[in-house]
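This briefing covers a few selected local features of one chain. The points are grouped by topic.

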Amino acid sequence: MKYDFKLAEKSLEKEFDRINDIRDFNQRKVLEAFFDNKVAPEHFYTVSGYGHDDLGREVLDKTFAQVFRAEKALVRIHFASGTHTLACALFGNLRAGDKLISVAGTPYDTMLEVIGTAGDEETKRASLIGNGVLYDEVPLLNGTDIDFNALEEMIDKATTMVLIQRSKGYSTRKSLSIETIEKICKTVKSKNPQCICFVDNCYGEFVDTKEPLEVGADLMAGSLIKNAGGGIVEAGGYIAGKELYVERSANRLTAPGVGSEGGAMFNQHRLIFQGLFMAPSIVSEAVKGAVLAAKVFEDIGFDTYPKYHEKRTDIIQNIIFGNPEHLEQFCRTIQSLSPVNGYVTPIPENIPGYEDKVIMAGGTFIEGSTIELSADGPMREPYVAYMQGGLNYAHVKICLEKMVKNL
């Protein structure tokens, strides 16, 4: 199949200009935080043992807090994954008898075991529900949108926290825009001002000019091997928001009495500082790649979400194939053009935390890094590929050119 990529790119000039404007805004914001917190070479060094009196860690937390407009931030390599980061925020702020409500239907697959609605007996025993936390969900309206009427009815004085998952996960619902998150927070606070609005911000950092804490959220969390790490941070996550809620989360990560004051960082300060500095530009490259992918696949007859001309709130691009063969071919093409393990052929396999077999493509420099170009999807109807990341736009374009030829 022949496809004119130059013509496609020319038609996307308006979208690319908008992405560049967002990039420039966020780059200025990050740079200002570095200036205001006087980041210096001495902040790149670390301490050993218990990690007490770590000046670099302290300035790193303050820099992240300023970027995300938070009272406090907790930035640590000790978070094993995004799921672990979210779990620390949830377990740190919820106790037996408290009530958690997911406002956007069923959360991402790996969160189900944290909550306790999936998993084996031992997993459920260790979950929120297993520890006495009450849980409910607000079903999606028509399977795609937030049902604000139902949300308003379900929030009451007994609701301790709402979970707001910004990105769609393995679903065909809409990812939540900053405007939608703001409306959710206002609705929740109107019914219960004390309820904690907690945002899973994975995949969403720097895609817009505002972050969830600026529109009413109390707490948010994300992974450093996604957007906020700029493609170079090797592990970890961050939690940011109101000081009380962040410190409670820190007590869960370490121990009560230790909180955010301990934990040696193993000489990772510089990478995390540098990753944050690079993040706005890296995210913009990934978003441009996603926009091009949407345009290309729409032009050749596939359904996509978001559409190429729609405003973005995360780096994920859905491509709906409708059959398993196309999904597998898509992922194998991504893998074959990956800088690492390009010779490997991905196959669908059972993965802990997921109910269906999943096919994953991602020859990344950092294992599991989804700000690097990767794609995956569960082997279930309607066979959707979830493409995300791309450290540079050119790499995404090269992969798309080969995909079109293969199809």
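In helix α8 of this predicted model, the buried residues are Ile 178, Ile 181, Ile 184, Cys 185, Thr 187 and Val 188. These buried residues pack against α7 (148-154), β4 (161-165) and β5 (196-200). An α-helix has 3.6 residues a turn, so residues three or four places apart point the same way.

**Length of α8**
- Helix α8 covers residues 178-191, and at 1.5 Å a residue its 14 residues should span 20 Å.
- The end C-alpha atoms of α8 are 20 Å apart, which agrees with that expectation.

**Packing of α11 and α12**
- Two packed helices are described by the angle between their axes and the distance between the axes.
- For helix α11 (residues 324-336) and helix α12 (residues 393-406), the angle is about 140° and the axes are 10 Å apart.
- Angles over 145 degrees count as roughly antiparallel and those from 65 to 115 as roughly perpendicular, and α11 and α12 are therefore oblique to each other.
- The crossing of α11 and α12 is right-handed.
- On the α11 side, the contact is made by Gln 329, Phe 330, Thr 333, Ile 334 and Ser 336; α12 contributes Cys 399, Lys 402, Met 403 and Asn 406.
- By class, this contact of α11 with α12 has 4 nonpolar, 4 polar and 1 charged residues.

**Leu 55**
- Leu 55 lies in helix α3, which comprises residues 55-67.
- Arg 28 is 27 residues from Leu 55 in sequence, and their C-alpha atoms are 24 Å apart in space.

Technical notes: Residues numbered from 1 in each chain as written. Predicted model: local features only at pLDDT ≥ 70, side-chain atom pairs only at ≥ 80, totals over all residues. Heavy atoms only, no water. Helix = DSSP H or I, 4+ residues; strand = E, 2+ residues; numbered from the N terminus. Axes fitted to C-alpha atoms, helices over the stretch in contact; angles between N-to-C directions. Parallel < 35°, antiparallel > 145°, perpendicular 65-115°, else oblique. Left-handed = near helix turned anticlockwise from the far one by under 90°. Contact = heavy atoms within 4.5 Å. Nonpolar A, V, L, I, M, F, W, Y, C, P; charged D, E, K, R; others polar. Expected span 1.5 Å × (residues − 1). Buried < 20%, exposed > 50% of the residue type's maximum accessible area, 1.4 Å probe, protein only.
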